[in-house]
Amino acid sequence: MEPILCLHCHTLIETPYRQTLLGFRKYTCPACGKVSLYPLPDLYRGIYWTVVVFVGVLVIFFLLQGRIGVPGLLSIVGVISLIRDRSLRRQVDSAQQAFLQSRQHQEDAPKAE
């Protein structure tokens, strides 16, 4: 179990995660008690991208034949998951930057003796 950063209180925690139905990792912070949702693991992201691209190619193929290709539920869920994943990645990046800045300020502050 690797330490992760709570997205709310910016505390490094080591806690087990639960996986959501779509593959996101959900952590509960023992320090603040809030739930943090982390981005998709690489395997899930790859699967979603593969499904979305495959369905996109099929839709284009059907349109070129003069038929209407309608994406299925799986591809719509894949697109929604990838959009949510991108948003979560930005949240994690900003939380990590805030954590690193706070650590740097702590190290730069003069020590009171």
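Is Tyr-38 buried or exposed at 8% relative accessibility? Tyr-38 counts as buried, where buried means under 20% relative accessible area, exposed over 50%, and partly exposed in between (1.4 Å probe, protein chains only). The points below start from the whole chain and come back to that tyrosine.

1. **What you are looking at.** This is a predicted model, in which local features need pLDDT of at least 70 and side-chain atom pairs count only at pLDDT 80 or more, while totals for chains, interfaces and linings use all residues. Residues are numbered from 1 along each chain as its sequence is written, and side-chain values use heavy atoms, with hydrogens and water left out.

2. **Overall layout.** The protein chain has two helices and five strands, and along the sequence they follow the pattern β-β-β-β-β-α-α. Helices (H or I, at least four residues) and strands (E, at least two) are DSSP runs, numbered from the N terminus.

3. **Overall dimensions.** The radius of gyration of the protein chain is 20 Å, whereas a compact globule of 113 residues would have one near 13 Å. That radius is taken over C-alpha atoms, and the globule rule is 2.2 Å times the number of residues to the power 0.38. The C-alpha atoms fill a box of roughly 80 × 25 × 20 Å along the principal axes. Buried residues make up 26% of the 113 residues in the protein chain. Contact means heavy atoms within 4.5 Å; among contacts between residues at least 6 apart in sequence, 44% join residues at least 24 apart.

4. Two strands pair if DSSP finds at least two bridges between them; strand 3 and strand 4 (residues 25-28) pair over two bridges. Here Gln-19 stands opposite Arg-25 in strand 4.

5. **The tyrosines.** Which residues form one aromatic cluster? They are Tyr-17, Tyr-27 and Tyr-38. A search of the whole structure finds three aromatic pairs; rings of Phe, Tyr and Trp (its six-membered ring) pair if their centres lie within 6.5 Å, and planes under 30 degrees apart count as stacked, over 60 as edge-to-face and the rest as tilted. One of the pairs is Tyr-27 with Tyr-38, which is edge-to-face, at 5.4 Å centre to centre and 75° between the planes. Tyr-27 lies in strand 4 and Tyr-38 in strand 5, so this pair ties together parts that are eleven residues apart in sequence. Tyr-27 is buried, with a relative accessible area of 4%.

6. **The cores.** A nonpolar core is a set of buried Ala, Val, Leu, Ile, Met, Phe, Trp, Tyr and Cys residues joined through side-chain atoms within 4.5 Å. The largest one has eleven residues, among them Cys-6, Ile-13, Tyr-27, Tyr-38 and Phe-99. Strand 1 and helix 2 (73-108) are the elements that give two or more residues to this core, and helix 2 provides the largest share, three residues. Apart from it lies another core of six residues, including Phe-24, Leu-40, Val-52 and Leu-82.

7. **Two cysteines.** With a disulfide taken as a pair of cysteine sulfur atoms within 2.5 Å, the count comes to zero. The nearest cysteine sulfur to that of Cys-6 belongs to Cys-9, 3.6 Å away, and Cys-6 is in no disulfide. Cys-9 is in no disulfide either. Cys-6 counts as buried at 0% relative accessibility, whereas Cys-9 is partly exposed with a relative accessible area of 31%.

8. **A backbone detail at His-10.** His-10 is found in the loop between strand 1 (4-5) and strand 2 (12-13). His-10 has a positive phi of about 60° although it is not a glycine. Most residues other than glycine have a negative phi. At 29% relative accessibility, His-10 counts as partly exposed.

9. **Phe-62, in helix 1.** Phe-62 lies in helix 1 (residues 42-64) and counts as partly exposed at 27% relative accessibility. Leaving out residues up to four places away in sequence, Phe-62 touches Arg-67, Ile-68 and Gly-69. Phe-62 and Leu-7 are 43 Å apart in space, C-alpha to C-alpha, and 55 residues apart in sequence.
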